[in-house]
Amino acid sequence: MERWDRIGRAAAYGAAAALVPYLVIKVSWVVGSLLGLLPVGRGFSLGGWLVLNTVTIGMAAAGITLGLALVRPWGTRIPGPLVGFVAWVASGFLVSILPFVVLSALVNSASEKGSSGGSGGSGGDAAMPGWESVLLQCSFVVTGIALAVALPAYVRRRWPDVLRRPERTRAPASPGLPWPAVTGTVTGLAWLYWAAGGPLGIAHRDERPADWHVLVGVGGCWALAASAAVTLLVRRRPTRLPYPLVLAPAWLGSGSMFAWSGWRLPATLYVALARPSDVSYPENVTLAVTLHLTAVLTGAGIMRTLARDRGRPGMPAGAGEPAERTAGLT
């Protein structure tokens, strides 16, 4: 147990450190754009570029703070619901995207080998040097892996009861499926249909690169995994699977839906309402807005169901006091 805790603490420091290059690069983009020293990203106005990167700077700063909060003593004094929410969103962004990074690399490698000379032109943004692109991607990957290790160690340290199956003091109010499981399944199946090349709901069939198929497919798999997991967790007779093994996909899948669809929803809604001539999505934007909004509500609904299943709405069991304090430690 002590060895696992040491590994988790080291991973928390690693998660914070991995986001520092991302933060520095984003700050340099904002400052460079304001001073006219760096070009604005392709497809953006100066204002839009500054807003986007300012938001991501704030997200990176929050991620660094979260990494340190998972290991430093002051992290146990932060209110439990706040730590839980930030950790849920961060893991939804960074941990859930790890399968996409691996699959996308494999798909792109296969497509390059299959091309006639394998020139390897990635067609990336000309405003971003290749080393910056690699460094940004490495920041995401390392932070995601580190959070996947650090967060369970922190939870075990502060709220040890959360990773244990709750005792059923009474039967669930309704034996049927919880509504987030239904909407999550519908959303996940729709995304998997698009990922498999389904034409319904697609407005621009020629604008679906391989990465788009992989990204939509991974999102669909997380939605289905979360829906299945929350169904197992709240049903009348508990599953024989280990509780953490069922809790993990519910946590990550709901966080993925809430975080990524919440991130895409404003831009998709803008395209649906303003219909700019220089921006087009593969999918029908009205349908995409509907699915993203459903995903956000579903992710929040699954998390609410999990919190209620622990017996204290909005707070993990035992979150009132850190485990160190209840054990008489400072």
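**Entry 1. Helix H3**

I began with helix H3 and found that eleven of its 15 residues are buried, so H3 is largely enclosed by the rest of the structure. I note here that the model is a predicted one. I listed the buried residues of H3: Gly 80, Val 83, Gly 84, Ala 87, Trp 88, Val 89, Ala 90, Ser 91, Gly 92, Phe 93 and Leu 94. I then checked the length of H3, which covers residues 80–94. At 1.5 Å a residue, H3 should span 21 Å, and its end C-alpha atoms are 21 Å apart, which agrees.

**Entry 2. The chain as a whole**

I next looked up the secondary structure of the chain, which comes to ten helices and zero strands. Read from the N terminus on, the elements run α-α-α-α-α-α-α-α-α-α. The chain has 330 residues, and 41% of them count as buried. I also looked at contacts between residues at least 6 apart in sequence; 79% of these join residues at least 24 apart.

**Entry 3. Cavities**

How many cavities of 30 Å³ or more does the structure hold? My search gave one. The largest cavity holds about 30 Å³ of space. I recorded its lining as Ala 15, Leu 19, Gly 63, Leu 66, Gly 67, Ala 90, Leu 94, Thr 143 and Leu 147. H1, helix H2 (46–69), H3 and H5 each supply at least two residues of this lining. The largest share, three residues, comes from H2. I return here to H3, as Ala 90 and Leu 94 stand in the lining of the largest cavity and are also among the buried residues of H3.

**Entry 4. Salt bridges around Asp 5**

I searched the whole structure for salt bridges and found two. In one, the side chains of Asp 5 and Arg 9 meet at 2.8 Å, N to O. Asp 5 and Arg 9 are four residues apart in helix H1 (residues 2–35), which means that about one helical turn separates them. Arg 9 counts as partly exposed, at 29% relative accessibility.

In the other salt bridge, the side chain of Arg 157 meets that of Asp 5, again at 2.8 Å, N to O. Arg 157 lies in helix H5 (residues 130–158) and Asp 5 in helix H1, so this pair ties together parts that are 152 residues apart in sequence. Arg 157 is buried, with a relative accessible area of 14%. I therefore asked which class that value falls in: it counts as buried because the limit is under 20%.

Leaving aside neighbours within four places in sequence, Asp 5 is in contact with Ala 153 and Arg 157. The C-alpha atoms of Asp 5 and Arg 156 are separated by 8.7 Å, although these residues are 151 residues apart along the chain.

**Entry 5. Cysteines**

How many disulfides does the structure hold? I found zero. Cys 138 counts as partly exposed, at 41% relative accessibility. Cys 221 is likewise partly exposed, with a relative accessible area of 44%.

**Entry 6. His 292**

I turned to His 292, which lies in helix H9 (residues 285–309). Is His 292 buried or exposed? His 292 is buried, with a relative accessible area of 6%. Not counting residues up to four places away in sequence, I found that His 292 touches Trp 191, Ser 261, Arg 264, Leu 265 and Thr 268.

**Entry 7. Val 107**

My last entry concerns Val 107, found in helix H4 (residues 98–114). Val 107 is partly exposed, with a relative accessible area of 31%. Which residues does Val 107 contact, leaving aside its neighbours within four places in sequence? They are Ala 210 and Val 214. I noted the spacing of Val 107 and Ala 210: the two are 103 residues apart in sequence and 7.1 Å apart in space, C-alpha to C-alpha.

Technical notes:
Residues numbered from 1 in each chain as written. Predicted model: local features only at pLDDT ≥ 70, side-chain atom pairs only at ≥ 80, totals over all residues. Heavy atoms only, no water. Salt bridge = Lys/Arg side-chain N within 4 Å of Asp/Glu carboxyl O. Buried < 20%, exposed > 50% of the residue type's maximum accessible area, 1.4 Å probe, protein only. Disulfide = S-S within 2.5 Å. Contact = heavy atoms within 4.5 Å. Expected span 1.5 Å × (residues − 1). 1 Å grid on protein atoms, 1.4 Å probe; cavity = no way out; pocket = protein on both sides within 12 Å on 5 of 7 lines; lining within 4 Å. Points joined across faces, edges and corners; volume = space filled by probe spheres on them.
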